[in-house]
Every structure is written in C-alpha cells, then in structure tokens.
Number of protein chains: 2
Amino acid sequence: MEKFITVLQDIKTLFNRSLSELSIDCVVFGFHDEQLKVLLLRAKGSDSWMLPGGWILKTEHLEDAAYRILKERTGLDSIFLQQFYTFGANNRYNGKEIMARLGLPQEHNFFPERAVSVGYYALVEYSLVEPQMDFMTEECHWWDVQDVPELLFDHNEIVSKALKALRKQFDHEALGFNLLPEKFTLIELQRLYETILGLEKDKLDRRNFQKKMLSYSFLERLEERKTGGAHKAPYLYRFNPEKYADYLRENES
Amino acid sequence: MEKFITVLQDIKTLFNRSLSELSIDCVVFGFHDEQLKVLLLRAKGSDSWMLPGGWILKTEHLEDAAYRILKERTGLDSIFLQQFYTFGANNRYNGKEIMARLGLPQEHNFFPERAVSVGYYALVEYSLVEPQMDFMTEECHWWDVQDVPELLFDHNEIVSKALKALRKQFDHEALGFNLLPEKFTLIELQRLYETILGLEKDKLDRRNFQKKMLSYSFLERLEERKTGGAHKAPYLYRFNPEKYADYLRENES
DNA sequence: CACCATTGTGTGATTGTGACACAATGATAA
DNA sequence: TTATCATTGTGTCACAATCACACAATGGTG
C-alpha cells in the first residue's frame, strides 16, 4: 500500500502539470538481425504490453513532448520522428480500466475518462538504444514486428497504422539510413528495404538495387571495407545528410 | 449586452459537453472556374477569417466529430474526409485572445487556455455546397487558394499543410473525382489535375493524359456528350467507385 | 593453396513516359 | 446552306527507366 501511495503521488503530480485529454504514443522502430523491431513495455502490475507514450506538459509543444518522451525511453537525443495519425475512438482508452490493470485502487483514479492520442513513429539505430525504465515500467524491450502480442488499448491498431505510414513514406524518402549504423554495406541496406517493404529475401535484384543506390548522390562509398565476413569484403557506405538535402531541393519543392 | 449573454450561454453549454483541450479544424477544398477553393468563415465581432472547425463531444469519436462539423457547415452528408496532421504548438491558440477578438468580455472566458487541433481536409463538389451559418458566424464563403488572406491562429499553416498533403495523396490515389460533379469531361479532369498539382494550363499533354486516364478501369465513358460548348462535343465520363475498389485491391495491399 | 560463397560490374530486352500530327466534329457566322 | 475554326479523339515514334541476367574478382576457410 505504501507503494501505491507513492505511485499515486507521482501520477497526480504528472497530471497536474499535463494536458489531461491528450496523450502521445510512440512506435519506435529498430532494425536488427534482418528483422524490423518495435520497442514495447510492460507496466508494473500489468501483464499486457503497450507502446511507450506519455503526456504533454501544459506549456509544451506537442512535438517537443514527443522528443522528450522518446529521450526518456531510449536515451537518444536526436532521432527521426514523424507524426502519422491521431487516434480518437471514443472507447479507445478508459481511465478506470488503467487503474485496475495497474492494480491501483479505483477510487483514487487520476486518469482522465477519455484521451485522444497522437501517434508518432521513430526510426532509431538499434544498437544505440538502451531501453530505459521509469517508475511505472517493469519491462521494456524490442519485439519483432511480426511477433507483437496483443497490446493494451488500441495499440495494435497504432502499430499497424505506423507500419503502413512507414512503408508509404519509405517509397518516397530516404528514411532507411536512420535505422542503420553510420557505416553499412549495400547488402545490409537491401535487406532493410526488403524487410520494411515486406518482401522476401533477394526479391530485389542485387545488381539493380546497387546500381540504383549508387546513382544517388547522397550515398558515399568509403575506402574502407567490411572485414570479418567469410567472403569477399564489401565496401562500406555512408549516408550524407547534406547531399540528401541538396538532392531533395533539386527533385522536389 | 443581451446578445453577449446569449452567446456566452451557448458557448458555455457547448464547452460543458465537449473536450476542452482538443479541437478540429477543417480545410474544405472545392473546384470551380479552374480554381481550387477553400471554405473560410468570419466570426461575429472579428474581422479576420478562419477555418471552419469545432469541438469534440465528450462521448464522440474524433472522426464522427469531423463529419458532424462538416455537415453543419456544408450541409453535405457523405464527403471525402482525410485527417492529415495534428497541430500542437503551445502558442498556436489563446483562449483569452479569442474572447477579445469576438468582442466578448474577457472575465467570462470559457475558452480553454490551450488547445491542440486535429486537421482534416475535405474534398467536396463545389456546386453542392451551400455554406451554412451558425450562431458565431457572420460570413462564410469560398476563397481561391492563392488568395487566402492572413487567417486567425495558425490557420494559414494548416491550409498550407493540407494543400501539401492533398498534393501528395493526389499522386497516388484517385481523389480528384470527389471534387467534380458526377459527369465530367476529360479536359475538366485535366484542368483539375493541373490546378491541384500547381501546373500551368496545358502543362500536361492532353493526348497522354487522356490515354492514361482511359487506361484505368474505373473511369467509364458514357454515351452522352457534353453539348452547349462552341465546338466538337466531348464525351462525358463517370467515376466508378466499385471498380476503383477492385483496382486498389489489385494494385496495392 | 584450392575451394566457394559472396561481391562488383555490364549488357540487352521490356516497359513506361513524353513529344508530336492529323482527321473528325459541331456550333458560329457569312 | 456552307465555309470557318477551335476543339476533340486517336496513333506513332523516340527516349528513359526498369528489369532480367552472367561472369570475373576476392578473401576467408579448411
């Protein structure tokens, strides 16, 4: 019961400083082992998983709140973040249900009756993320996108809509580099594309893919090669954000 | 002063039944005279124009609220509606400022301090819309997109983001038919495309454009021709939503 | 040091897109 | 009644982009 009181105080403080009817949910994508991953967490007292999310301070810009929440959760400062949809079903969320799930006494419910949630997706470099706990979190780790379990609230819908939005944008913008380490090989890049677009391995023709990628001015081949593999050492490449900005200026606007 | 009191009562009632921190703003697009139009309104007591918008009832689905607001404003029942972005700058809106603009006494401010707004854009058939007034509206009519004046709050930003989103979707989905009457000629369709994509007249090659459109299974040529023009009578066409659904199934998913 | 999975590159076939010209039409005006 | 003329409807060719495909070079492995 002591624990409950403490947690309740924390929640109370949080809510006093935040907007109550609006929250943020983040779908954090990472790429590892040729698999697209999402970061999920399990709250204390709950055995269901959910998306990392949070509340918006009363004086805080919506986007700043999203960055703050992600920083708190991943430790990362500058990440690619994209708002993709706002979820407003009138039954998507239920304050009393949350209290119950967290094993907290319902008569102290500080959660609002209803909350609309703004969905952001983030693209991060898997290896840099050290999933962070907070006072309500019991577990936090990566899941393969295909293996995402049944989540709390409408979070499954949020994940699937995020994935759809990601795929759509992926066709038109060079987003993939946010998911890879600074230096990577073309075959790694190809696997990333195949995975995100939901294609099977080698569905994309390796030669055509490489030709196409090399035709982009914003992809730089380094002198360095990746050693350690059992075969011919492939070149390493680097994404050049400045040149990509130039490229965008020339091809859009 | 009598008037003020009445309006205040109406607003009060409205706010008691609605979410207070969240609103909806709608960018209603129409097409007329080879021009893309947006529907704007001017509130009583204000000399600035703004987007039609409204509040979400506490028990109402976000999307239902958007449809309701549009129905109230355009009289139209089934319209193409698309959520495109949620605007959450912490200084985008100011409850007290609104009261001042409306010439209402500030000590009775019922507007929330801050509100985040979900942006929807709508595509409607210009000729079907009869702009509707409500108790706060003094004027409501169409503006050429290029001539949109300086608007209240961040509404200019909302319009420009809506236009950007519209153009982006326009490249990938057959949205244009929502803006045209049931029967139309190919040259009308071409003008619509040129206008929305921001191209000058005849920038698209008429022959190639027609060839492309006719290749789509969801566009039906009617026996009927459009008469009355001073020249050869062009065929009329109709968009077939069922066939378009089939087309989407075959070419996406 | 032979092996072999993997990398790096080039070429021809197919498809899609863009540029262009001419006959048919139908209201208008002589 | 008929010539005029802006506009409609359609076909062909050139070029670019994409796709399918093969072979020599490489660098650990055994």
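**View 1. His32(B) faces Gln35(B) of strand 2 of chain B.** This is a predicted model, in which local features need pLDDT of at least 70, side-chain atom pairs count only at pLDDT 80 or more, and totals for chains, interfaces and linings use all residues. Residues are numbered from 1 along each chain as its sequence is written, with chains lettered from A and ligands numbered from 1 in the order in which they are written. Strands are DSSP runs of E, at least two residues, and helices runs of H or I, at least four, numbered from the N terminus. Strands 1 and 2 (residues 35-43) of chain B run antiparallel, joined by four bridges. Pairing requires at least two DSSP bridges. Two residues separate the strands of this hairpin, and Asp33(B) has a positive phi near 55°.

**View 2. Strand 1 of chain B also pairs with strand 6 of chain B.** The sense is parallel, over eight bridges. Cys26(B) has Tyr120(B) of strand 6 as its bridge partner.

**View 3. Strand 4 (residues 53-57) of chain B pairs with strand 1 of chain B.** Four bridges link them in the antiparallel sense. Ser18(B) lies opposite Leu57(B).

**View 4. Strand 1 of chain B is largely enclosed by the rest of the structure, because 13 of its 15 residues are buried.** Buried means 20 or more other C-beta atoms within 10 Å of the residue's own, with C-beta atoms placed from the backbone.

Technical notes: A residue is buried if 20 or more other C-beta atoms lie within 10 Å of its own, exposed if 12 or fewer, and partly exposed in between; C-beta atoms are placed from the backbone.
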